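Please find below a colleague's note on the structure shown here. It is arranged as numbered points for reading beside the coordinates.

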Amino acid sequence: MLTVRRARVVLPPGSFLQATQAGEDTLAGLVLEAAGKANKIADLFCGVGTFALRLAEKAKILAADSDAPAVGALAEAAKAPGLKPVETIARDLFRRPLVAVELKGCDAVVLDPPRQGAEAQARELARSKIGKVIYVSCSPATFARDARILVNAGYRLLRVTPVDQFRYSAHIELVGIFGR
């Protein structure tokens, strides 16, 4: 069981979590700060909801991930008192990214894809009217590729914050904030 502020998540086998608690807390703080006063946020590649459940304290959430058991665990945890509605979707965002019409009404999007990045989803975000994209990445190379897609579509990279949570390794996590 994982406690994410007000919610308790029963972790399904094979759940993905950040490498360290301090790293997760740092990433979550950066994501929450960047989300600001958004009223509806899409959390794509949401996993068990470590960002979605925190964000649901102040905004409605649309959460999607290909890991159906993780999405199911998030849906159950999102029933905790004091959270705004969390709509969950189990879907392969590499093959079927959310398109602009599905993101309608969202003020911001959080992306936290695996190492291969979110190229297909970035292309759909580029076609959308979303004003803010908060991109959490463990791969500077795929982040740069996806950032180029967003920048070419009119987004500006406002800030990038590296987070060194992979002890004894050269790997980093980063949070990039894009705005239109």
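1. The structure is a predicted model.

2. Geometry of H4 and H5. Helix H4 covers residues 119-126 and helix H5 covers residues 140-152; their axes come within 8 Å and cross at roughly 15°. Angles under 35 degrees count as roughly parallel, and H4 and H5 are therefore roughly parallel to each other. The crossing of the two helices is right-handed. On the H4 side, the contact is made by Glu119, Ala122, Arg123, Leu125 and Ala126, and on the H5 side by Arg145, Asp146, Ile149 and Leu150.

3. Burial of H4. Within H4, the buried residues are Gln121, Ala122, Glu124, Leu125 and Ala126. What do the buried residues of H4 pack against? Their partners are strand S3 (40-44), S6, strand S7 (132-137) and H5.

4. Ala126. This residue belongs to helix H4. Ala126 and Leu150 are 24 residues apart along the chain, and their C-alpha atoms are separated by 5.5 Å. Once residues up to four places away in sequence are set aside, Ala126 touches Ile149, Leu150, Ala153, Tyr155 and Arg180.

5. Gly117. The loop between S6 and H4 contains Gly117. With a relative accessibility of 1%, Gly117 counts as buried. Apart from neighbours within four places in sequence, the contacts of Gly117 are Phe94, Tyr135, Thr142, Arg145 and Asp146. Ala78 lies 39 residues from Gly117 along the chain, and the C-alpha atoms of the two are separated by 26 Å.

6. Val109. Strand S6 (residues 108-111) includes Val109. Is Val109 buried or exposed? Its relative accessibility is 0%, so Val109 counts as buried. Leaving aside neighbours within four places in sequence, Val109 is in contact with Ala42, Leu44, Leu103, Leu125, Ile130, Lys132, Val133 and Ile134. Between Val109 and Arg123, 14 residues apart in sequence, the distance from C-alpha to C-alpha is 13 Å.

7. Ile61. Strand S4 (residues 60-65) holds Ile61. Ile61 has a relative accessible area of 2% and is buried. Not counting residues up to four places away in sequence, Ile61 touches Ile41, Asp43, Ala52, Leu55, Ala56, Pro85, Val86 and Glu87. One of these contacts, Pro85, is 24 residues from Ile61 along the chain, with 6.4 Å separating the C-alpha atoms of the pair.

8. The buried face of H3. Which residues of helix H3 (residues 68-77) are buried? They are Ala70, Val71, Ala73, Leu74 and Ala77. Viewed down the axis of H3, these buried residues fall within an arc of 160°, so they line one face of the helix.

9. Backbone at Phe45. Most residues other than glycine have a negative phi. Phe45 is not a glycine, yet has a positive phi of about 65°. Phe45 is located in the loop between S3 and helix H2 (52-55). The relative accessible area of Phe45 is 9%, and Phe45 is buried. The reader may wish to view this loop residue and its positive phi in the displayed model.

How values were computed. Residues are numbered from 1 along each chain as its sequence is written. This is a predicted model: local features need pLDDT of at least 70, side-chain atom pairs count only at pLDDT 80 or more; totals for chains, interfaces and linings use all residues. Side-chain values use heavy atoms; hydrogens and water are left out. Axes are lines fitted to C-alpha atoms, for helices over the stretch in contact, and angles run from 0 to 180 degrees between N-to-C directions. Helices (H or I, at least four residues) and strands (E, at least two) are DSSP runs, numbered from the N terminus. Angles under 35 degrees count as roughly parallel, over 145 as roughly antiparallel, 65 to 115 as roughly perpendicular and the rest as oblique. A crossing is left-handed if the near helix is turned anticlockwise from the far one by less than a right angle, and right-handed if clockwise. Contact means heavy atoms within 4.5 Å. Buried means under 20% relative accessible area, exposed over 50%, partly exposed in between (1.4 Å probe, protein chains only). The arc is that of the directions from the helix axis to the C-beta atoms.
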